[in-house]
Amino acid sequence: MSIFVAFHKEWLELIRSYRLLVVAVVLVFFGLTSPFLTKFTPELLAALPTEGMTIEMPPPTIEMSIGQYVKNMAQFGVILGVLLTMGSISQEKDKGTAAMMLVKPLSRGAFMGAKFLALATMFAISLVLAGIACYYYTMLLFEAMDILRWLVLNTLIFFYTLVPVALTLLCSTLTKSQAAAGGIALGLLVIPGSIGSILGYGKYLPGELNTWGTRLMQGDTTTSWIAFGITIGLIVIPLLTAWLIFNRQEL
Amino acid sequence: MIAVRTEQLRKVFGQFTALDGLTLSVEEGTIFGFLGPNGAGKTTTIRILTGLAHATSGKAWVFDKDVTTNRNEIARTIGFLPEEPAFYAWMTPREFLDYVGRVFGLPATERSARANELLVLAGLEESAKRRIGGFSRGMRQRLALAQALVNRPKVLFLDEPASALDPEGRKEVLDFIEQLRGQCTVFMSTHILADVERVCDTVGIINRGRLVTEASRDALLAQYAIPAFDVEVDQKTKAELIPWSETLQHETWVKTVSIEGLVAKVIVNDVETAKRELLASITRAGLIPTRYEVVRPSLEDVFLHLVGQEEGQA
């Protein structure tokens with residue numbers, strides 16, 4: 001299967017270009033620091049000379065630590081997802097490597113699919129490492145969490161992260177400029193998300209997955225399957241669209 | 001057998017017609033020089049034949065397989081060198097050849113052997129472990145040729161393979177192509193006439209998206225040969241050159257005689273009579289010839305003649 005051949009190359013590229021390392025280090029760093037900062041921020045602030053000023057901080061809780069972790073993973077997931085995907089197809093088209101390889105028996109679907117799979121694997125591994133780091137420190141500083149629920153939370157964050165990857169991959173297919181691809185993708189991600197929050201349909205958007213996971217960690221088992229379905233749609237539809245467009249494109 | 005064929009191929013980009021009913025055929029086993037000025041439609045033709053672009057109308061075949069409906073099958077039988085080959089800079093040439101081998105589904109042992117063989121052929125065995133990012137243009141071009149040969153293609157498409165190289169790099173690449181004679185069909189586009197004259201046995205001339213002519217190189221040169229002779233004389237007999245030329249002008253088999261320094265260019269009406277009479281005439285006039293030769297037409301003459309004619313008609 002040519003997708004495995006292309007995946008092998010993509011994976012090697014993520015390692016050699018240090019992208020895998022960068023993503024893993026960034027996510028692990030924020031995985032580690034989330035419980036740490038939650039725990040020690042009140043103490044650090046209390047130690048500061050405040051001269052007449054009183055800073056009221058609620059006592060640190062495990063929920064605050066989880067909330068901080070989810071926020072960090074979601075933010076950096078989007079940023080890294082866009083940054084690392086924006087050049088994936090556009091750059092290869094612009095440089096000519098796509099033309100060089102796609103005259104060979106390598107299908108465009110495999111070429112594109114391998115890129116998505118490699119990026120998804122990179123985020124999965126990085127999130128596993130970040131999740132382990134955060135779990136360990138939370139256990140040390142607070143208490144042990146429910147492992148199964150922690151796993152579900154991280155799986156939901158993973159799916160949330162795949163949305164910017166899929167959308168940016170579509171944008172990267174549409175243009176030959178990686179800057180343009182990144183810009184369009186950010187626009188597509190930020191604008192509907194912001195409007196959704198204002199108009200109240202945010203509970204149907206991918207961001208709801210993070211809320212769902214956080215709720216679950218607090219013991220609330222209310223599900224958000226509509227948001228999950230929409231998230232899957234926002235991963236699959238851009239990928240299918242990108243594939244259809246890329247198949248028709250002249251290189 | 002016909003290796004490459006196009007019929008009434010048209011490609012339109014907005015208002016610009018890149019290919020305007022191109023019909024050509026290339027015999028198996030030949031090194032075909034696809035010659036034309038910049039913007040004539042050479043690259044567009046190759047892009048359509050390799051499946052990178054779609055024709056607006058018309059058809060194209062590689063070994064009787066329609067390029068639009070048999071893309072995957074054709075991809076297994078062709079090799080392609082783009083005008084500006086691009087690589088993954090982080091790979092070594094061995095890794096790149098191995099990757100191409102994987103794409104063609106070659107088993108590991110065959111991939112390794114083929115990579116070694118091609119690295120030697122491309123003269124890159126010493127640089128096999130260096131990153132491609134640090135390669136010179138000539139090295140990249142040779143690697144690009146090597147990658148196009150991984151699958152032992154039946155047809156090799158080369159788009160301007162030597163145009164951007166310095167004289168040494170050009171020689172290396174042309175020598176490389178020369179070595180392929182008899183191994184596969186080479187379809188080589190270029191605007192450099194000397195390259196075609198050196199390695200190609202068949203030539204197709206394209207201008208404004210249309211095929212101007214297609215023939216074997218020798219037939220083309222013979223067909224458009226200028227019936228002329230160059231006679232260079234010794235300095236000592238320079239004074240006799242002008243009177244001799246004036247006498248020669250009156251011969252029925254002579255068309256014109258022009259003199260430049262010690263060289264007289266004699267354009268004739270009848271080559272066979274000229275071959276018999278010219279030397280005798282030189283001797284009779286007391287000239288001491290230091291050079292006497294039938295002018296060999298260059299492909300440049302043919303090209304300029306044909307393209308000039310085409311421009312005149314447009």
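Q: In what order do the 6 strands of the open sheet in chain B run?
A: Keep in mind that this is a predicted model. The sheet in chain B is open and its pairing is mixed. Reading across, the order is β6-β7-β8-β3-β9-β10.

Q: Which strands of chain B stand at the edges of that sheet?
A: An edge strand has a single partner, so one of its sides is left without a neighbour in the sheet. In chain B that describes β6 (78-81) and β10 (210-216).

Q: By how much are neighbouring strands of this sheet turned against each other on average?
A: Direction is ignored for this one, and the figure is an average over neighbouring strands of the sheet. It comes out at 15°.

Q: Which residue is the bridge partner of B:Leu81 in β7(B)?
A: Start with the strands: β6(B) pairs with β7 (residues 155-159) of chain B in the parallel sense, over 4 bridges. On the β7(B) side, the partner of B:Leu81 is B:Leu158.

Q: Which helix of chain B lies across β6 and β7?
A: The helix in question covers residues 137-148 and runs at about 165° to β6(B). That's α5 of chain B.

Q: Are α3(A) and α8(A) roughly parallel or roughly antiparallel?
A: Helix α3 (residues 62-85) and helix α8 (residues 178-199) of chain A pack with their axes 9 Å apart, at an angle of about 150°. Angles over 145 degrees count as roughly antiparallel. So α3(A) is, relative to α8(A), roughly antiparallel.

Q: How many residues in the contact of α3(A) with α8(A) are nonpolar?
A: From α3(A) come A:Val78, A:Val82 and A:Leu83, and they meet A:Gly182, A:Ala185, A:Leu186 and A:Leu189 in α8(A). Gly counts as polar here. The contact has 1 polar residue and no charged ones, and the nonpolar count is 6.

Q: Which element gives the most to the side of chain A that touches chain B?
A: Across the interface, 18 residues of chain A are in contact with 21 residues of chain B. On the chain A side, α1 (2-16) and α5 (97-102) are the elements that give two or more residues. With 5 residues, the top contributor is α1(A).

Key: Residues numbered from 1 in each chain as written. Chains lettered and ligands numbered in written order. Predicted model: local features only at pLDDT ≥ 70, side-chain atom pairs only at ≥ 80, totals over all residues. Pairing = 2+ DSSP bridges. Axes fitted to C-alpha atoms, helices over the stretch in contact; angles between N-to-C directions. Contact = placed C-beta atoms within 7 Å. Parallel < 35°, antiparallel > 145°, perpendicular 65-115°, else oblique.
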